[in-house]
Amino acid sequence: MSSPHTIYRNQVLDTDLETAWEFMSSPANLDAITPEDMQFSIISETPDKIYDGLMIEYLVQIPLLGKQSWLSEIKHVCEGRSFVDDQRVGPYKLWFHYHEISEVGGGVRFVDKVVYTLPLGPIGSIAHIFYVKKKLEYIFDYRATAMEKLFGSLNSLD
């Protein structure tokens with residue numbers, strides 16, 4: 001099994017906790033912070049707000065592979081503070097994405113921590129070096145910029 005990789009992002013935005021949670025806890029808002037070239041779409045019916053055990057199915061564009069189904073389970077929801085989306089079916093062998101918000105110095109800190117592994121052993125490791133790592137950095141950079149446009153930035157820390 002290949003070693004897990006981690007993405008960690010930390011961004012402080014000019015908003016309040018209630019507004020931040022309202023945005024974060026609505027599955028429909030994921031589209032607003034996902035790059036268009038991923039051709040991302042939610043294909044399952046979703047509620048206005050997440051809850052423990054919610055299953056969300058998406059379609060995403062994977063280069064060379066075409067559209068890929070991705071099924072996430074929302075887990076460990078701590079109302080107004082954090083949740084996890086855990087890939088059940090999709091392109092990764094493991095994808096565990098922890099989202100957290102907290103009040104800090106006149107704004108809200110948004111934390112993303114993703115632990116992931118790729119399938120296919122050595123082939124997955126090579127794909128990570130030459131493509132996947134850069135693509136994930138691009139996606140999370142896009143997300144940070146989109147969030148700054150939505151809320152206004154106080155500062156960003158990677």
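## Strand E5 and its neighbours

Strand E4 (residues 66-78) pairs with E5 in the antiparallel sense over six bridges; strands are DSSP runs of at least two residues, helices (H or I) of at least four, numbered from the N terminus, and two strands pair if DSSP finds at least two bridges between them. This is a predicted model, in which local features need pLDDT of at least 70 and side-chain atom pairs count only at pLDDT 80 or more, while totals for chains, interfaces and linings use all residues. Residues are numbered from 1 along each chain as its sequence is written, and side-chain values use heavy atoms, without hydrogens and water.

Leu71 stands opposite Val89 in E5. E4 and E5 form a hairpin with three residues between them, and Gly80 in that turn has a positive phi of about 80°. On its other pairing, E5 meets strand E6 (residues 94-104) in the antiparallel sense over five bridges, with Asp85 opposite His97 in E6. The hairpin from E5 to E6 runs through four residues.

Six of the eight residues of E5 are buried, so the strand is largely enclosed by the rest of the structure. Buried means under 20% relative accessible area, exposed over 50%, and partly exposed in between (1.4 Å probe, protein chains only).

## Asp86 and Lys75

Asp86 lies in strand E5 (residues 82-89) and is buried, with a relative accessible area of 8%. Not counting residues up to four places away in sequence, Asp86 touches Leu71, Ser72, Glu73, Lys75, Trp95 and Phe96 (contact: heavy atoms within 4.5 Å).

Lys75 forms a salt bridge with Asp86, the closest N and O atoms being 2.8 Å apart; a salt bridge is a side-chain nitrogen of Lys or Arg within 4 Å of a carboxyl oxygen of Asp or Glu. The pair links Lys75 in strand E4 to Asp86 in strand E5, eleven residues apart. Lys75 is buried, as is Asp86.

## Other salt bridges

The whole structure holds eight salt bridges. One of them joins Lys49 and Glu79, with the closest N and O atoms 2.7 Å apart. Lys49 lies in the loop between strand E2 (41-42) and strand E3 (55-62) and Glu79 in the loop between E4 and E5, so the pair ties together parts 30 residues apart in sequence. Lys49 is partly exposed at 39% relative accessible area, whereas Glu79 is exposed at 54%.

Asp112 forms a salt bridge with Arg143, the closest N and O atoms being 3.6 Å apart. Asp112 lies in strand E7 (residues 107-117) and Arg143 in helix H2, so this pair ties together parts 31 residues apart in sequence. Asp112 counts as buried at 9% relative accessibility, and Arg143 is buried at 14%.
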